[in-house]
Amino acid sequence: MQPQRQQLLDGRWHFHYGPIDLIINADGDANAIERALSACWLRFAQVLPELVEELSVLRQPLRQVHWMASPVARRMVRACWPHRSQFIAPMAAVAGAVADELISFFAAEPAIRRASINNGGDIALHLQAGQVYNVGMVSESDTTKAEPQGSFVIDASMPIRGVATSGWRGRSMSLGIADSVTVLADCAASADAAATMIANAVNVQHMAIQRAPANTLKDDTDLGDLLVTTAVGRLPAALVAQALDDGASYAQRLRGEGVIFAAVLMMQGQRRLVGQTSDQLGIQRRYAA
Amino acid sequence: MTGHNRVDHSADHADEFASAPNDVRVLDKSRPRSENMAANKIECNACPVLCQITEGRSGACDRYANVQGILTRVDPLVLLSRINDQSTIEQKDIPPQQQLQHRDLSAASSNTQEVNLTGESAALFVTGVGAGTTYPDYKPAPFMVSSKLNGIDMVTVVTEGIFSYCSFKVKIDTDRYLGPERASIRHRGEEVGHVTTAEYGSQMLSLGGVHHLTGGSKKEGRVTCEMMMVLGNKQAVELEIEGGAKLVVQAGRAPIVDGVEEKHMRVGCGSATIGIFAKQWFGHVDEVVVVDDHITGVLSEHQAGRCLDMPLSGIKMKGRKSTPGRYFQVANPGQGWGGTDIANPLDIIEGFDPEHARPGMRLLMTSTTGEHAAWFVLDEQLHPVPAAMPSAVQKVVERIVENCEPSLASVLFLAGAGGSLRAGVTDNPVWLTNSIKQAITYVSCGGAPAYVWAGGGITVMVDVLRMPDQSFGSVPTPAIVAPIEFTMRFDDYARLGGHLDCVRPLDEVVNAERERSVHWAVDHSHWPLFQKPMLG
């Protein structure tokens with residue numbers, strides 16, 4: 001099957017190739033958007049075959065610098081590098097890295113005010129001075145039913161061009177038990193890798209948590225036989241708090257190292273904000289903690 | 001996607017060959033790249049990742065899974081469903097006389113007055129929208145769905161075609177001059193089609209096509225492909241005709257010509273308008289001129305006026321006289337009265353012959369749509385002077401307006417189902433072609449009835465408005481992706497050398513696949529099961 005694309009009824013574009021699904025949105029001069037979309041589409045078709053060539057390396061734990069031929073693969077390695085003291089394979093940043101690679105075509109057009117590429121929840125942004133994006137957060141897996149549990153405003157003056165969310169319910173597997181960890185970082189790949197690792201750190205042991213070796217659930221997973229979360233029952237509030245605190249302290253460390261800008265951790269009605277205060281981020285509380 | 005040249009054998013001999021040679025073992029999938037793949041795994045070749053998927057698991061994309069050793073798609077299918085609460089609705093959909101035309105349908109039903117649709121399956125139809133395709137491999141189409149209706153087993157072969165050879169034929173209801181025949185049509189500066197013939201009350205355009213998709217520059221192909229997708233998905237596109245008008249075209253909507261939305265088609269040419277309304281004007285007027293870019297009509301000289309025994313008014317028209325009361329080329333084509341460039345209707349009158357004309361004579365001038373109309377009375381010097389239109393005349397002008405149907409842009413998708421796509425349906429592609437030509441196989445696109453052109457190949461034409469929303473996509477070739485389904489009786493499918501081992505019952509498909517249901521709400525479209533193809 002070849003890459004396919006469709007314009008959605010609301011004007012956004014859907015690009016699809018194998019495991020990659022992108023939702024692309026852009027505001028600005030129509031000709032500039034058309035140029036960017038065309039360039040993006042051409043590049044999009046190359047990205048997957050490129051990654052496949054180096055897939056075996058990208059699935060291995062990151063321990064040393066591998067020279068990667070694909071620019072997207074290099075983005076993945078770069079984004080995962082700060083986490084190399086723990087178990088991480090470059091694949092942890094694949095979604096964000098693809099989004100980053102393709103948003104560059106929109107950023108290159110001065111007449112495009114703002115653009116976003118959402119790769120399965122990992123979002124690369126382009127914002128010109130004065131522009132903002134309003135991002136809603138949903139921690140239910142069924143987004144058609146879920147009410148946004150909060151939203152934040154990203155304006156161009158913030159050093160944020162990537163938003164990523166990870167959790168055990170998502171399409172990727174998680175070692176942790178967080179409903180969702182949303183990370184704001186300078187690019188989508190960094191946010192993607194950090195969200196994965198922070199979500200892994202949100203963890204406790206409890207009977208209500210079911211786990212299974214990753215390679216019994218999915219073939220060729222980069223997680224090997226590590227135990228991944230398959231179900232999380234209702235946990236005592238104190239355990240939820242402990243798990244969130246563990247995740248928040250890892251997020252705090254990443255914040256201190258300049259790897260991320262902010263993180264929002266959610267689990268069973270509780271949450272932690274790391275980095276900016278809710279006022280600075282403009283986070284609106286919609287649910288009772 | 002090449003067509004074939006001639007058809008020299010029919011499906012009558014299909015039985016002799018239908019049992020495919022068993023000594024050739026056709027692989028379900030290409031051999032795995034890795035020699036040491038475990039026996040319980042299958043290699044998915046839907047994308048370059050080439051996942052090796054263990055039984056019971058899905059690949060990296062979560063769109064394909066290994067279900068009992070078979071590569072299975074888990075993406076949602078688009079189903080058409082129609083309301084099946086009361087059988088009366090079904091009866092209405094298939095009138096009794098039509099039932100009799102259906103081969104074997106009346107025979108199978110003991111009571112032809114009542115169509116007994118059993119089970120829910122009859123109310124669902126699997127469309128090719130998003131079904132995916134196996135192109136360019138000679139693999140069976142993604143879905144072969146069997147369903148039972150009145151005891152007869154039907155099969156629908158569902159696929160998405162990748163069409164390089166395809167275009168849109170667009171009918172713009174307008175009398176306005178859009179541009180010269182054969183003029184290029186541009187979209188975002190690229191040539192994407194051309195103006196073809198003017199038809200009655202409308203202008204035909206041809207948009208897209210293989211020479212723009214893959215025959216020109218890369219940019220031309222890309223822009224053409226995007227324009228086609230947007231047009232097919234019922235959205236608006238901006239077009240510019242070289243030496244002509246700028247258009248905004250959207251299926252089922254009024255076309256916008258040079259920024260002005262078209263409102264009505266003309267009731268007929270000027271001469272026809274004279275003929276239609278002559279009796280209603282009679283007694284209220286001494287002369288009527290119906291201004292038209294094609295044939296301007298003059299009542300007193302026209303056959304209609306002669307039959308009413310009206311005296312000649314002595315009007316002297318510009319333009320070239322055709323037959324009495326009919327004038328060609330009274331003005332240039334344009335955006336004014338009746339598709340001419342006339343803003344003041346008196347510009348097309350040279351004067352009045354004093355031999356026939358007399359002061360006080362009443363003159364109506366109107367366009368073929370009634371959008372423009374004016375009333376004049378001749379003064380002592382036989383000059384027409386504007387005056388208030390009498391209500392009796394006004395009423396007839398309003399009737400012209402009433403008879404002008406709303407102007408619309410209608411968009412038909414025209415495509416050829418080529419060899420590779422047909423091979424996904426049957427061993428011997430030409431048998432599929434023949435079965436359609438023999439009215440054995442019904443062709444639909446996204447469930448919408450497809451007109452099948454006469455002659456060779458499977459060249460189909462379908463109104464995009466009857467198709468589900470967002471039916472069209474594209475691939476980088478560039479080429480257009482569109483749904484196509486072939487429905488026939490199961491026994492016919494067997495005779496055609498169909499891929500019988502891939503046929504799955506509708507219920508199983510619906511239960512096993514994730515699905516997205518679209519209501520069958522298009523009036524006047526046939527329900528795709530039990531139809532004869534619309535043959536040219």
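Mentor: Two residues are in contact if their C-beta atoms, placed from the backbone, lie within 7 Å. By that test, A:Ile198 touches A:Val181, A:Val183, A:Gly247, A:Tyr250, A:Ala251, A:Ala263 and A:Leu265, leaving out residues up to four places away in sequence. This is a predicted model, where local features need pLDDT of at least 70, side-chain atom pairs count only at pLDDT 80 or more, and totals for chains, interfaces and linings use all residues. Residues are numbered from 1 along each chain as its sequence is written, with chains lettered from A and ligands numbered from 1 in the order in which they are written.

Trainee: What makes a set of residues a nonpolar core?

Mentor: Its members are buried Ala, Val, Leu, Ile, Met, Phe, Trp, Tyr and Cys residues joined through C-beta atoms within 7 Å. A residue is buried if 20 or more other C-beta atoms lie within 10 Å of its own, exposed if 12 or fewer, and partly exposed in between. The largest core has 100 residues, and A:Ile198, A:Ile260 and A:Leu265 touch the most other members. Helix α5 (residues 188-201) of chain A gives the most to this core, 10 residues. Another core, of 91 residues, lies apart from it and includes B:Leu80 and B:Phe125.

Trainee: Why is helix α7 of chain B called largely enclosed?

Mentor: Helices are DSSP runs of H or I, at least four residues, and strands are runs of E, at least two, numbered from the N terminus. In α7 (residues 270-281) of chain B, 9 of the 12 residues are buried, so the rest of the structure largely encloses this helix. Among the buried ones are B:Ile274, B:Phe277 and B:Trp281. The buried residues pack against elements of chain B including β17 (287-291), β18 (295-298) and α9 (391-402).

Trainee: What makes β20 and β25 of chain B edge strands?

Mentor: Two strands pair if DSSP finds at least two bridges between them. The open sheet of 7 strands in chain B runs β20-β21-β18-β17-β23-β24-β25, with mixed pairing. β20 (320-321) and β25 (384-386) of chain B each have a single partner strand, so one side of each lacks a neighbour in the sheet.

Trainee: How do you know that β17(B) and β18(B) pair?

Mentor: 2 bridges join them, which meets the cut-off, and they run antiparallel. B:Val289 has B:Val298 as its bridge partner.

Trainee: Which residues make up the contact between the chains?

Mentor: Chain B gives 25 residues and chain A gives 21 residues. On chain B, β2 (52-54), α6 (218-232) and β31 (473-475) each supply at least two.
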